[in-house]
Amino acid sequence: WYWLFGLAFGIILQRSRLCFVSAASEPFITNSTEQFRAILIGILTSSLGIVIIKYLSDGTLDLLGVSTISFPLILGGFMFGIGMILCGCCSAGMFIRLAEGYVIHFFTIICVIAGYLIANSHYQTVWAPYIINGPAIFLPHEIGWLGGIVSHIMLIILLYLVALRIEEGTSSSNTTTYLRGAILLGIFVVLHYLILKSNWSVTGAFFWLSDLSSFHNKELFSVAAGPNLRNIGLFFGAFISIMASGNFKLKKIRSGKQVCRNMIGGLLMGYGACIASGCCISSFFTAAASLSLSAWVFMVCLFAGAFIGVKLLYKLL
């Protein structure tokens, strides 16, 4: 199942060209919000299915996908936002872009994993105390199921309208493609949630790389193998998609400056994802679909980081 979902996510993201980096950066560069609005619809699609599953679970799945609101979440989201702009991809996107032939993202993946492992080495002593004491706010627990669902939908509608207002006067060309991709992504996130009783995550798989002995322990291996296999499936799904379209082409590294930029960005993404307990996928998309208030806090910090990242990128080009 992990392998199949990885393939599905890779194909969807590659074919639709849906990109979390563009969703966070284009509002500052071109005033375009079509990708961000598509992602909001994807979250809405996913949340409708996940809410039903949670409601019928009689409380056992209520907090699945719900993160605490803490200083590490805020700092991690901000760092991740800067890093993904410097790299030109998010944690899922680096597998997609590598599959498309962008050789530079070998460096991105290595540095994201390195950044994650660096943060994980002192996570328990430095960051865990903040997270343990932070509130994990699941909206239906605070204002009831009806209130939680309605407020969640209203927030998405409000963000959609604000994004639409920002884009006013800007031409859009791929809205339908992005929208289809986001809706499909939302549907498969629900299926993942239903079948595997877990949220889709990309960087969470890197946790197991901090202790390779887990791959020699039969019980731990069964837990560690799935998320890593899903990431490999993400790459191969995108590779199958790009090969089927006939558009695969190796893209050479342009300069040493590009390598440095991607290495720094990768380290920031990996470190930020570790302390925030997730990336654009798990700390934003699936967390929002799980009605976790932390997702929207992460989103604000992600966009703040993206804004700084865009400024830095112009200076580094």
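## Contacts of Trp296

Contact here means heavy atoms within 4.5 Å. By that criterion, and leaving aside residues up to four places away in sequence, Trp296 touches Leu40, Ile43, His152, Leu155, Ile156, Leu159, Phe284 and Ala288.

The model is predicted: local features need pLDDT of at least 70, side-chain atom pairs count only at pLDDT 80 or more, and totals for chains, interfaces and linings use all residues. Residues are numbered from 1 along each chain as its sequence is written, and side-chain values use heavy atoms, with hydrogens and water left out.

## Nonpolar core

Trp296 is also among the residues with the most contacts inside the largest nonpolar core, together with Phe80, Met84, Trp200 and Phe284. That core has 77 residues. A nonpolar core is a set of buried Ala, Val, Leu, Ile, Met, Phe, Trp, Tyr and Cys residues joined through side-chain atoms within 4.5 Å. Buried means under 20% relative accessible area, exposed over 50%, and partly exposed in between (1.4 Å probe, protein chains only).

Helices (H or I, at least four residues) are DSSP runs numbered from the N terminus.

## Salt bridges

The structure holds 3 salt bridges, each defined as a side-chain nitrogen of Lys or Arg within 4 Å of a carboxyl oxygen of Asp or Glu. Glu100 pairs with Arg17 at 2.4 Å, N to O. This pair links distant parts of the chain, 83 residues apart: Glu100 is in the loop between helix 5 (91–99) and helix 6 (105–121), and Arg17 is in the loop between helix 1 (2–16) and helix 2 (20–29). Glu100 is buried at 2% relative accessibility, whereas Arg17 is partly exposed at 36%. Glu100 also meets Arg97 in a salt bridge (3.2 Å, N to O), and both of these residues are buried.

Glu167 and Arg37 form another salt bridge, with their closest N and O atoms 2.6 Å apart. Glu167 belongs to helix 8 (residues 139–167) and Arg37 to helix 3 (residues 34–56), so the pair ties together parts that are 130 residues apart in sequence. Glu167 and Arg37 are both buried.

## Packing of helix 6 and helix 11

Two packed helices are described by the angle between their axes and the distance between the axes. For helix 6 and helix 11 (residues 256–275), the angle is about 35° and the axes are 6 Å apart. Axes are lines fitted to C-alpha atoms over the stretch in contact, with angles from 0 to 180 degrees between N-to-C directions. The crossing is right-handed, that is, the near helix is turned clockwise from the far one by less than a right angle.

The residues in this contact divide into 15 nonpolar, 7 polar and no charged. Ala, Val, Leu, Ile, Met, Phe, Trp, Tyr, Cys and Pro count as nonpolar, Asp, Glu, Lys and Arg as charged, and the others, Gly among them, as polar. Helix 6 contributes residues including Phe107, Cys111, Gly115 and Tyr116, and helix 11 contributes residues including Val259, Met263, Gly266 and Tyr271.

## Positive phi values

Most residues other than glycine have a negative phi. Asp58 has a positive phi near 60°; Asp58 sits in the loop between helix 3 and helix 4 (71–87) and is exposed, with a relative accessible area of 71%.

Ser277 has a positive phi of about 60°. Ser277 lies in the loop between helix 11 and helix 12 (280–289) and is partly exposed at 39% relative accessibility.

Definitions and conventions. Helix = DSSP H or I, 4+ residues; strand = E, 2+ residues; numbered from the N terminus.
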